Amino acid sequence: MEVRQLEHFVAVAEERSFTRAAQRLHLVQSAVSASIRTLERDLEADLFHRTTQRVALTDAGATLLPQARRILAEVASAHELVADVRGGLRGSLTIGTMQALSAGPVDVPSMLGRLRVSHPRLEIRLRYAEGGSSELAERLRDGRVDVAIVSLPEHRPAGISLTALTSEPMTLVCPPGHRLAERRSVRMAELGEETFIDHLAGWGTRMSVDRAFAAAGMERRVAFEVGDTPSVVNLVQHGLGLAFLPRSLVTDSDGVRLVALRGLAPQWEVSLALPSNRPVGAAARAFSELAVAGGRLASTADAPASTASV
């Protein structure tokens, strides 16, 4: 068994296609197919179900996949450590992040810029996940990303370690003219009959609000579920419902009204996520140091505003 065979196997498993895997690896398809056949012969097991329509993992392939990712991560980590000693990180770093962080309290673009200046030979990739933080956690656990910025207020997934970066209260977002729009604050008990707009179920903001309503013993009606924050704001603007968003992601100038919650508001908790089921490479550690430092600065800068908004 060779490392390159495992690289080919993981590519086919993730792409579900020999053709797309070959394109990703910059190889001809016949070379990838031959490599997989050799690996299957060495292991004495079929790794893929092959049809003219699709490629799917067998039970043996599904068992091998997480181990193959761990081996590749360890090999990459060894290369990174040696490169770091020789004067600079090389290789690649894949970072998973929430869409909202491009405008949120943790400045991911700034971190990436500083990382690029410090390590110009490091290839940096950024990946969003439509399924939000839950999907990012899954990608991190199975090795599709090396490090992630997530919001996971409800649970701590197995195979992942979390370091808190920052937290801020969420605010009620109302359309102009709504009965609550001119209020300074409202109680959760006043919102039981309202219609809500929210992110998808795997998003951290959605988890926090769902948890707050459950703690209050209330149910709420979410009529619109969308995969980005601008769409949430736009739907509120048009009077289709209320929403909860972090204060850093929305202002009155967006054509909506912001109303504080009286009592405990849902919190948007942002964390750095690293794998605990495999080695963490030098590049991921370098980004982590930037993220933790940036989170501390964001928390300090946001503290007065967050206290005032509760």
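**Notebook: strand pairing, ring pairs and selected residues**

I began with the strands and noted that E3 pairs with strand E5 (residues 147–150) in the parallel sense, over three bridges. Two strands pair if DSSP finds at least two bridges between them. Helices (H or I, at least four residues) and strands (E, at least two) are DSSP runs, numbered from the N terminus. The model is a predicted one: local features need pLDDT of at least 70, side-chain atom pairs count only at pLDDT 80 or more, and totals for chains, interfaces and linings use all residues. Residues are numbered from 1 along each chain as its sequence is written, and side-chain values use heavy atoms, with hydrogens and water left out.

**Entry 1. Strand E3**

I looked up the partners of E3. In E5, Ala 148 stands opposite Gly 96. E3 also pairs with strand E4 (residues 123–127), again in the parallel sense, over five bridges. There, Arg 125 in E4 stands opposite Thr 94. I then checked burial (buried means under 20% relative accessible area, exposed over 50%, partly exposed in between; 1.4 Å probe, protein chains only). Strand E3 (residues 92–97) is largely enclosed by the rest of the structure, because five of its six residues are buried.

**Entry 2. The whole protein**

I recorded the totals next. The protein has nine helices and 12 strands. Of its 310 residues, 48% count as buried. Contact means heavy atoms within 4.5 Å. Among contacts with a separation of 6 or more, 71% are between residues 24 or more positions apart.

**Entry 3. Aromatic pairs**

I searched the whole structure for aromatic pairs and found five. Rings of Phe, Tyr and Trp (its six-membered ring) pair if their centres lie within 6.5 Å; planes under 30 degrees apart count as stacked, over 60 as edge-to-face and the rest as tilted. One of the pairs is Phe 18 with Phe 48, edge-to-face, at 5.9 Å centre to centre and 70 degrees between the planes. This pair links distant parts of the chain, with Phe 18 in helix H2 (residues 18–25) and Phe 48 in strand E1 (residues 48–50), 30 residues apart. Phe 18 and Phe 48 are buried.

Why is the pair of Phe 196 and Phe 244 stacked? The ring centres of Phe 196 and Phe 244 are 5.7 Å apart and the planes are at 10 degrees, so the pair counts as stacked. Phe 196 lies in strand E8 (residues 195–199) and Phe 244 in strand E10 (residues 243–246), so the pair ties together parts 48 residues apart in sequence. Phe 196 and Phe 244 are both buried.

I checked for charges over rings (NZ of Lys or CZ of Arg within 6 Å of the ring centre and within 35 degrees of the ring normal). The charged end of Arg 220 sits over the ring of Phe 196, 5.3 Å from its centre. The charged end of Arg 220 also sits over the ring of Phe 213, 5.5 Å from its centre.

Returning to Phe 244, I found that both faces of E10 are covered: Ala 243 and Leu 245 are buried on one side, Phe 244 and Pro 246 on the other. Strand E6 (residues 160–174) and E10 run antiparallel and are joined by four bridges. Phe 244 in E10 is the bridge partner of Leu 172.

Gln 5 lies in helix H1 (residues 3–15). Gln 5 counts as buried because its relative accessible area is 3%. Leaving aside neighbours within four places in sequence, the contacts of Gln 5 are Ser 35, Ile 36, Thr 38, Leu 39 and Asp 42. Gln 5 and Ser 35 are 30 residues apart in sequence but 5.8 Å apart in space, C-alpha to C-alpha.

Ser 208 lies in helix H7 (residues 204–215). At 3% relative accessibility, Ser 208 is also buried. Its side chain reaches the backbone oxygen of Gln 267 at 2.7 Å.

**Entry 4. Positive phi**

His 26, in the loop between H2 and helix H3 (29–43), has a positive phi near 60 degrees. His 26 counts as exposed because its relative accessibility is 72%.

How values were computed
Polar contact = N/O pair within 3.5 Å; in protein donor to acceptor, adjacent residues only side chain to side chain.
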